[in-house]
Amino acid sequence: MVDGLLQGPGRLDYRNGSRFVGHFRDGQQHGAGEWHGAQGEHYQGDFRFGAFHGQGTLRQADGSRYQGGFSEGRFAGEGTLELAGQVYRGEFKRGQFDGEGHLEWADGSSHQGQFRRGQPHGQGCAATPTATATAANSSAASCRARAASRAPTATATAAGSAPASSTARAATRAPPATSGADASSRAR
């Protein structure tokens, strides 16, 4: 501790059952670390001033999983989001599907192409297990090439047919390290 603030490597146990193990700077999670939430959430990766920031993996209690970039606590840059019945691989911005991506449902149908604010937008290709359709002047050949370049290797196991919210941001920020009344700390 420096001036009453956690500094360097350490561990912080919260009264609610959450736990952080990693690096601190000015009393906040900063650098590499691991956070275990009281509801079964788990994050391992980079932190910046208390928020998930950089590369990391977030597993939610409901079984959903995100691996990729974070910026100020939100999904950002390249990443893979696995939800019940869906897998999205591609670009994220401000916590949403945004940019080039591939969304696949458990039944084998998919959308490959551009996304904006969490929804298919612009050029793209929709495919079912038996057919491929093109949109916005894409050719069938470009759809197949686009799909091959981003096709997920993992598939979701639960049934589902509608895209879930691409803003699955719950628990993307660890509890503050400076809430003295709510936490007991052991700096090592």
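Strands β2 and β3 form a hairpin with two residues between them, and D26 in that turn has a positive phi of about 50°. This is a predicted model, in which local features need pLDDT of at least 70 and side-chain atom pairs count only at pLDDT 80 or more, while totals for chains, interfaces and linings use all residues. Residues are numbered from 1 along each chain as its sequence is written, and side-chain values use heavy atoms, with hydrogens and water left out.

**Overall make-up**
- The protein has one helix and 13 strands, where helices (H or I, at least four residues) and strands (E, at least two) are DSSP runs numbered from the N terminus.
- Of the 188 residues in the protein, 41% are buried, a term that means under 20% relative accessible area, with exposed meaning over 50% and partly exposed lying in between (1.4 Å probe, protein chains only).

- L12 has F20 of β2 as its bridge partner, and in the hairpin of β1 and β2, with four residues between the strands, G17 takes a positive phi near 105°.
- β2 also runs antiparallel to strand β3 (residues 28-36), to which six bridges join it, and the bridge partner of R19 in β3 is H36.

**Surface around R116**
- R116 lies in strand β10 (residues 110-116) and is partly exposed, with a relative accessible area of 41%.

Key. Pairing = 2+ DSSP bridges.
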